Amino acid sequence: MVDLSVDLAGITLKNPLILASGIMGVSASSLKYVEENGAGAVTLKSIGPKDREGHHNPTVFAWGEGVANSVGLSNPGVEVALAMIKESMDRLSVPLIVSIFADKAENFVRVADKIMPLKPLVIEVNLSCPNTEDEFGKMFSLDLGAAERVVSMVRTVCDRSTKIFAKLTPEATDFTTIGKAVENAGADGITAINTVLSSIIDPYMGCPILNNKIGGISGRAIKPVGIEAVYNLYKTVKVPIIGTGGITTGEDAIEYIMAGATALGVGSAIYYRGIDVFQKIAKEMKDFMEKMGYKTITEMRGMAHRS
Amino acid sequence: MRYDKPKVVSIKKIIEENSRVKSFLFDLEIQAKPGQFVMVWIPGYDEKPFGVILKDGAGLMITVAAVGRSTKALHQMKAGNLIGIRGAYGSHFHLPSEAKSIALVAGGYGMVPLAYLAQEARKKNINVELFLGARTQKELLFASWMKEIGVKLHLSTDDGSVGHHGFVTEPFAEYVKNKQTDQVYVVGPEIMEYKVAQICYKKQVPFEVSVERYMKCGLGICGQCCVDNTGWRMCVEGPIINGEDLKKIIEFGKYHRTASGKVEYFPWVKKTKN
């Protein structure tokens, strides 16, 4: 019998497939719908200090090899979101990951502090959303000091029972060093990767399609980028990694596990294969493992590192 | 053919329907059923969902009222100007295979998807009773087109300039009391849709309704248009919902979510939640 369950920083997931942040997770109902379609855990769309409408449309489109977005961190703000987080915890049977973002380290702490009374299992600190405006300046995860500071400050207001995952971008030149730094700052895990900065221009219109001009790409196009990031990160850190980026099939998922991921973020695949993509990928993973004679996820983890 | 990246096309023809509403026609090979929508990119402004019509002999048509910044910009455009179109997206209306007579209830621009449905129904020789309401006679959309294809019109206006002086729901309620109808289709302001739904439940008439929510991706991933409590995406599982499924959408007629994801109650509902 093949077993898909994994232990993610002490939290048991029935399967390693996690709804990635920014996809679907805008309400308890949307998260529940994803759970019903087979996800092993779900992530809430990033919550920030205050109400944000995000960018004007076009904010999302599919361009053939992937999805482009500049939704722009729309969220109702942490005060309003508390009721939704609570409702999600009450209704879900799988673990909930609460993603947070802010414009400065102090505000990350403020957001985390507001959520803590609800005792979330996991807070994912989004240090790498490319859809930021000038007020945010550079992404936190491009700057070792900034990434380290946010994680260590959030750690001070979180109980040990709440696990902190830092979501990083591979666009940092010292990506693995930043990974090591956030681990040392108290992160219980790392999520890699976020979408990759990009722009797509329509040649007939002669301008970028996204209203924000630039955005992040996700989907199949970025899978090899994600695999490289997880592969190198696995060599550097001891904490578990949620491998994210272009996972669409069971084999994609296995690739990430073999690179060293403990769990897997799935997002744009909902576009390619429907809301039940979690069930589909889980079945394909099982089929692969049966065919190849693997019994557990653990025995495949980091396998690609064998010399 | 469905487009997920905006397909840039030039406006072939513009028809002025009334002082506030224009129809835009395009040469674009696209698959779209009545009730589905396209995302229309107006460069520099916005991208918005619009109900789609594949008009016999004319092709792809969208009909837009100038109400906001981006729709006003669209109204300024001329034939030959470029816009982007992706889709068509979402669920669509169903005509029961044995249907003999159907009733359509349209409020304002809700007439757009229903006009396409009426065209398809008339081709199958189904009797179509159309309850069309608007503020005033000049704003009754597609009335002459509908008459031409043999649709039976029941008009209502807020100012009484033509037809019933009052809400479109009133002559409709009278009609279903006495007449046999196989299915009802309703598109319009949500309060009107809600009233029609209550009438249909009471009379046990099957119906389909278009549930409109703020949309971003149209691809079923951003979650913006998910409804309570099912989590269904109005760009994939919706916007066309049948009466039985509608019972599971507890927010229908009560509230919706703004661009930030915040719950906002409709003005006619007393706040009871949050």
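Me: Happy to start in chain B. Which residue stands opposite A106(B) in β12(B)?

Reply: Keep in mind that this is a predicted model. Five bridges join strand β8 (residues 101-107) of chain B to strand β12 (residues 183-187) of chain B, and the two run parallel. Along this pairing, L104(B) is set opposite Y185(B). For A106(B), the residue opposite in β12(B) is V187(B).

Me: Which residue of β13(B) stands opposite V186(B)?

Reply: β12(B) also pairs with β13(B), in the parallel sense and over three bridges. Within β13(B), the residue that stands opposite V186(B) is V209(B).

Me: Let's turn to chain A and its annotated site. Is N69(A) buried or exposed?

Reply: UniProt, in an unreviewed entry, lists N69(A) under "binding site", along with residues including K45(A), S70(A) and T195(A). N69(A) lies in strand β6 (residues 67-69) of chain A, and among the residues it touches are T59(A), V60(A) and T195(A). There are 32 C-beta neighbours inside 10 Å of N69(A), and the cut-off is 20 or more, so N69(A) counts as buried.

Me: And where is T195(A) found?

Reply: T195(A) is another residue in the "binding site" list of the unreviewed UniProt entry. With 27 C-beta neighbours inside 10 Å, T195(A) counts as buried. Its place is the loop between β10 (189-192) and β11 (196-198) of chain A.

Me: Which element gives the largest share of the side of chain A that touches chain B?

Reply: The contact takes 39 residues from chain A and 32 residues from chain B. On the side of chain A, the elements giving two or more residues are α1 (28-36), β5 (60-62), α2 (78-91) and α8 (269-273). By class, that side has 20 nonpolar, 13 polar and six charged residues. The largest share, four residues, comes from α1(A).

Me: How are α6(A) and α7(A) oriented to each other, roughly parallel or roughly antiparallel?

Reply: The axes of α6 (residues 223-236) and α7 (residues 250-259) of chain A come within 8 Å and cross at roughly 25°. Residues making the contact include I227(A) and Y231(A) of α6(A) and Y256(A) of α7(A). The contact residues divide into six nonpolar, no polar and three charged. Angles under 35 degrees count as roughly parallel, and therefore these two helices are roughly parallel.

Me: Which residue does a cis peptide bond join to N57(A)?

Reply: Most peptide bonds are trans. In chain B, the bond from D228(B) to N229(B) is cis, with omega near -5°, and N229(B) sits in the loop between β13 and β14 of chain B. In chain A, the bond with omega about -5° joins N57(A) to P58(A).

Me: Last one: is Q204(B) buried or exposed?

Reply: Most residues other than glycine have a negative phi. Q204(B) has a positive phi of about 55° without being a glycine, and is found in the loop between α5 (190-203) and β13 of chain B. With 8 other C-beta atoms within 10 Å, where 12 or fewer is the cut-off, Q204(B) is exposed.

How values were computed: Residues numbered from 1 in each chain as written. Chains lettered and ligands numbered in written order. Predicted model: local features only at pLDDT ≥ 70, side-chain atom pairs only at ≥ 80, totals over all residues. Pairing = 2+ DSSP bridges. UniProt positions renumbered as here; feature names shortened; annotations may be inferred. Contact = placed C-beta atoms within 7 Å. Nonpolar A, V, L, I, M, F, W, Y, C, P; charged D, E, K, R; others polar. Axes fitted to C-alpha atoms, helices over the stretch in contact; angles between N-to-C directions. Parallel < 35°, antiparallel > 145°, perpendicular 65-115°, else oblique. Lists of a residue's contacts leave out its neighbours within four places in sequence.
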